[in-house]
Amino acid sequence: MPELPEVELYCRYFAGHALGRRVAAVRVLDARILAVREHVLRRALIGHEFVDVRRHGKHLFANAGTSWLHLHFGMSGDLAFYRDDAEAPRFARVILDFEDGNHLAYDDMRLFGVVDVTPDPDAFIAAHRLGPDPLDPAFRLRDFRQIVSKRRGAVKSLLMSQEIIAGMGNLYADETLYRSAIHPRTSVDALSEAEVKTIFTNMRAILKEAIAFKSRGGDYPGRYLVQHREEGDRCPQCGGTIQRTVVFGRTTYFCAKHQMLPRRKK
Ligand SMILES: [Zn+2]
């Protein structure tokens, strides 16, 4: 399921293939993916060249002059650039035909994604009350401290709430807490100042690392929790046992030995 690092790679893919290309036609193969009327999507893109692409959290925005194409990748969204129509992906929902004969398909088997148009990404972010992007250089520890100080509930829920921090999903929230040695159910108001800093640092480090090794086509290293998401597996950090639970309605993995709830600490 695409989270911030995956969407960052889609962003780079879009930049590498679609920027500088002019849209000649828009083919909607399955209108269920649209959050915009089909004629509005066509009017926004046809005859326009993509000149910029940016990301906020799990959202991609591509500037085509006065409008921005907005993509959300849901559970299974993907992009495919190709020349020959025979290479169109199986679950292409929208295909952009470029003037130079190439194509860009938005592919989504499960249809939880969104193809949309917005006049202004910043207005969209504000209207949907998306929190700051954790990799935005302007997002600092003091901002994170301020966010945390206003919240209660499980720390994992905080990390996954898009209106608090935009971009983290189930996998990277678990990974961040695993590296931070904090139990996912720990109450936010029980976190020490040092723990808040640790979460902030690890969250950003993990997202950057994930982008780096995914951009090289590699897999997650073995020291990552994601390689051990199985109940009873051995923790590569401390040899403890990996356990499964449910937090924020999502299957959550953690190490029973080095991620203890505060009340169980000495
Ligand atoms: Zn452990």
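Guide: Buried means under 20% relative accessible area, exposed means over 50%, and partly exposed lies in between (1.4 Å probe, protein chains only). This is a predicted model, in which local features need pLDDT of at least 70 and side-chain atom pairs count only at pLDDT 80 or more, while totals for chains, interfaces and linings use all residues. Residues are numbered from 1 along each chain as its sequence is written, and side-chain values use heavy atoms, leaving out hydrogens and water.

Visitor: Is Leu111 buried or partly exposed?

Guide: Leu111 sits in the loop between β7 (103-108) and β8; such strands are DSSP runs of E with at least two residues, and helices are runs of H or I with at least four, numbered from the N terminus. Its phi is positive, near 65 degrees, though Leu111 is not a glycine. Because its relative accessibility is 21%, Leu111 counts as partly exposed.

Visitor: How far apart are the end C-alpha atoms of helix α7?

Guide: Helix α7 covers residues 193-215, which makes 23 residues. The expected span is 1.5 Å times one less than the number of residues, so α7 should span 33 Å. The distance between its end C-alpha atoms agrees: 33 Å.

Visitor: Which residue stands opposite Val114 in β8?

Guide: Four of the five residues of strand β8 (114-118) are buried. Strand β4 (67-72) pairs with β8 in the antiparallel sense over five bridges, where pairing takes at least two DSSP bridges. Opposite Val114 stands His72.

Visitor: How much area do domain 1 and domain 2 bury between them?

Guide: Domain 1 (4-127) and domain 2 (141-264) have bounds from an automatic or database domain assignment, and their C-alpha centres are 31 Å apart. Their contact (heavy atoms within 4.5 Å) takes nine residues from domain 1 and 12 residues from domain 2. Buried area is the accessible area (1.4 Å probe) lost on putting two parts together, summed over both. Carbon and sulfur atoms hold 71% of the total, which is about 830 Å².

Visitor: Which side chain meets Lys214 in a salt bridge?

Guide: A salt bridge is a side-chain nitrogen of Lys or Arg within 4 Å of a carboxyl oxygen of Asp or Glu. Here the N to O distance is 3.0 Å. The partner of Lys214 is Glu6.
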